[in-house]
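This briefing is meant to be read with the sequence and the structure open side by side.

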Amino acid sequence: MGNINAVTDLAVEGNVGVITVDSPPVNALSADVRDGLSAAVGKAVADPAVEAIVLICAGRTFIAGADISEFGKPPRGASLHEVQATMENAPKPIVAAIHGTALGGGLEVALTCHYRVAVPSAKLGLPEVKLGLLPGAGGTQRLPRIVGAAKALDMVTSGTPIGAKAALDTGLVDDLAPEGELRAAAVAFAAKIVAEKRPLKKVRDLEVKGGSPELFAEFRKANARRFRGYEAPEANIKCIEAAATLPFDDGMKRERALFMELMSGVQSAAQRYVFFAERQAAKIPNLPDDSATRAIRKVGVIGAGTMGGGISMNFLSAGVPVTIVEMKQEPLDRGVGTIRRNYENSAAKGKLSAEGVARNMGLLTPSMSLEDLADCDLIIEAVFENMDIKKDVFGKLDKIAKPGAILASNTSYLNVDEIAAATARPQDVVGLHFFSPANVMRLLEVVRGAKTAPDVLATAMAVAKKIGKVAVVAGVCHGFIGNRMLSPRQREANKLILEGAMPWDVDRVLYDFGFPMGPFQMADLAGLDIGWSKETSKGETLRDRLCEMDRRGQKTGSGFYDYDEKRNRTPSPLVEKMILDFAAEKGVNRRPISDDEILERCVYPMINEGAKILDEGMAYRGSDIDIVWINGYGWPVYRGGPMFYGDTVGLQAVVDRLKQYQSTQGDDFAPSPLLERLAAEGGKLSQYSVK
Ligand code: 3H9
């Protein structure tokens with residue numbers, strides 16, 4: 001218990017007052033922390049024995065930012081700006097002692113201290129942009145006064161923190177303290193400042209270096225694509241511009257105004273929601289955080305194709321040995337070669353050292369025998385998507401795997417319970433649905449079978465965390481969460497181009513909505529011939545006909561679009577004619593289709609399908625569904641995911657439109673009972689959780 005308030009303590013060591021903030025988990029600037037800081041600084045200033053002050057935090061980190069959970073609630077206690085003014089104007093030097101992460105409001109507090117000392121492992125940054133915000137406590141005005149306009153632009157628009165050593169180089173910290181000795185080093189530093197009678201350095205009094213108009217113009221141009229659709233990056237840029245051109249107090253006013261604008265907007269609400277949703281997804285109802293897990297020291301992967309290779313890389317990169325099995329030598333060699341090449345490419349880009357490549361490859365054991373998986377703790381099957389083949393593999397694994405080994409399938413659609421029934425240990429079977437490219441995509445759907453044991457589920461979640469994935473639990477249903485919702489969107493996209501739209505119209509609308517690409521671009525990229533075969537093709541669908549003409553997507557130079565040698569696409573007149581002919585053949589009277597109809601027909605059935613998934617208990621929470629779509633399918637994070645977006649539109653409005661489409665398009669659009677109920681009750685899909 002602190003002697004200032006429940007989360008703050010003031011102790012005096014020699015002539016230095018040490019203020020400790022102790023507010024787990026991350027010392028966020030809650031009302032208690034702000035009040036405590038304000039009172040502690042006041043008390044230290046009033047104490048004649050104190051000549052300098054150190055601000056340090058207990059636990060795993062320095063202040064990691066404003067308390068995001070307080071946003072949108074009525075203000076309580078001292079405002080952060082008031083606390084900062086008290087600190088910056090204190091007549092005695094204040095030294096911030098930084099370990100862990102000084103993020104957002106945390107770094108902004110440190111910037112109102114007169115000096116900063118950090119341990120080498122500390123990280124300092126302004127990540128507000130990731131929450132759809134900007135640093136609203138003077139960060140945009142003070143940071144460029146130390147690191148210069150160019151570096152500040154980079155830091156506030158990326159949100160990526162820098163390490164303490166880099167911070168020392170830019171002047172953001174004044175001294176490094178030995179790891180584990182921060183308190184003593186900071187106290188010594190403060191005493192030295194007093195002894196040397198160093199001035200009270202106020203960052204606000206410094207000049208911004210390098211803030212020319214060209215810098216901002218070029219930065220905007222170079223990053224236009226990266227920032228597409230997002231409001232926060234531009235607001236952050238405007239603030240740095242203000243720092244470079246206006247007096248400090250005017251810059252602060254600009255920062256405040258832009259901060260309030262972002263804070264009251266939908267994008268930041270969505271991004272803050274996603275921050276908590278992502279952490280929530282890791283929690284399994286009725287399974288405590290400290291549930292027992294099985295030790296995973298060695299992993300087996302069956303299949304050395306694109307999926308198997310990507311899956312293996314996740315574990316190798318995390319330092320876990322992998323045995324990869326393929327039935328024949330040539331595909332095994334090819335798969336291992338691809339893994340090596342991927343690592344070498346990372347090394348060429350400076351993302352991995354040469355030793356890193358060697359270390360990761362040294363953890364990989366190629367094999368042509370399933371028997372070699374006998375000592376694996378987790379075995380992941382990534383073979384062809386066919387139930388008979390999968391059952392055969394699991395039947396064999398059942399005889400080979402050691403007792404207690406977890407047997408996982410990477411199936412993207414198939415029934416995990418049926419796969420589990422091919423073994424005598426269904427409690428050890430789970431679905432681990434990775435997304436391609438599996439070494440890059442953050443999402444992992446963990447499919448809980450009817451008999452999957454709780455500790456298997458807990459282990460799957462822990463493994464996901466270890467390999468840096470965002471895991472979401474799904475129940476057993478066709479396509480689980482993600483692919484199940486993709487299917488109505490695909491259905492409508494295909495119908496729309498028969499009824500009157502063109503593929504490029506549908507793609508443009510979904511791109512403008514914020515997806516990285518539309519469904520037809522996606523199909524061309526993936527290859528139209530996935531699951532298509534020349535022998536059995538009967539020209540029944542447009543896709544069949546395109547494949548029959550060898551227009552199989554980007555790889556053949558044409559698909560729905562025509563591609564040049566640099567893979568730039570243009571709408572194809574031939575495809576346009578094929579679509580018109582196909583529609584005529586089917587007796588469809590084409591009509592003009594508005595962009596609104598395209599968007600509603602592609603997105604509202606997804607919202608509806610999400611509601612069905614929740615109603616059936618196939619996802620624990622609406623927010624889990626949003627995490628799937630953001631991390632697995634490029635749903636724009638500033639729209640919060642399909643469930644959050646449905647809430648933003650208004651569930652009653654969604655239901656009304658679904659019913660209208662139901663009258664013209666049929667029962668595919670029949671609203672789910674849960675959706676109708678929530679709409680009637682004023683409930684929210686994003687807040688819905690299965691009891
Ligand atoms: C800001 O500062 C605005 C100002 O510019 C202007 C104001 C006027 N608030 O991530 P973890 C919780 S905006 C509330 O699993 P890690 C988190 O929900 C803020 N809660 O741990 C979780 O709770 P639970 C700018 C927070 O070790 C628990 O702490 N700052 C906050 O993997 C552990 O979190 C940021 O954006 C918060 N600020 O990573 C930093 N932060 O256990 C956001 C965390 O109940 N935070 N929680 O699920 C992070 O990036 C990471 O949490 C951090 C630790 C790197 C600190």
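Does Gly622 count as buried or exposed, and why? In this predicted model, Gly622 counts as buried because its relative accessibility is 0%, the limit for buried being under 20%.

**Gly622 and its surroundings**

- Gly622 belongs to helix H24, which is made up of residues 622-632.
- When neighbours within four places in sequence are set aside, the residues in contact with Gly622 are Tyr273, Leu614, Met643, Leu685 and Tyr688.
- One of these contacts, Tyr688, stands 66 residues from Gly622 in sequence, although the two C-alpha atoms are 5.4 Å apart in space.

**The shell around the ligand**

- The ligand has 23 residues around it, and those that come nearest are Arg60, Glu108, Glu128, Arg279 and Lys283.
- By class, the residues of this shell divide into twelve nonpolar, five polar and six charged.
- At least two shell residues come from each of strand E5 (101-103), helix H3 (105-112) and helix H11 (266-281), and H11 gives the most, with three residues.

**Polar contacts and cover of the ligand**

- Arg60 places a polar side-chain atom 2.7 Å from an oxygen atom of the ligand, and a polar side-chain atom of Glu108 likewise lies 2.7 Å from a ligand oxygen atom.
- On its own the ligand has 1000 Å² of accessible area, and the protein covers 73% of it.

**The sheet that includes E5**

- Strand E5, which supplies at least two residues of the shell around the ligand, is also part of an open sheet of three strands, ordered E5-E7-E8 and with mixed pairing.
- E5 and strand E8 (162-163) stand at the edges of this sheet, and each has a single partner strand, so one side of each is left without a neighbour in the sheet.
- Strand E7, residues 123-125, pairs with E8 in the antiparallel sense, and this pairing runs over two bridges.
- Within that pairing, Lys123 has Gly163 of E8 as its bridge partner.

Conventions:
Residues numbered from 1 in each chain as written. Predicted model: local features only at pLDDT ≥ 70, side-chain atom pairs only at ≥ 80, totals over all residues. Heavy atoms only, no water. Helix = DSSP H or I, 4+ residues; strand = E, 2+ residues; numbered from the N terminus. Buried < 20%, exposed > 50% of the residue type's maximum accessible area, 1.4 Å probe, protein only. Contact = heavy atoms within 4.5 Å. Near = heavy atom within 4 Å. Polar contact = N/O pair within 3.5 Å; in protein donor to acceptor, adjacent residues only side chain to side chain. Areas by Shrake-Rupley, 256 points an atom, 1.4 Å probe, with all protein chains shown as cover. Nonpolar A, V, L, I, M, F, W, Y, C, P; charged D, E, K, R; others polar. Pairing = 2+ DSSP bridges.
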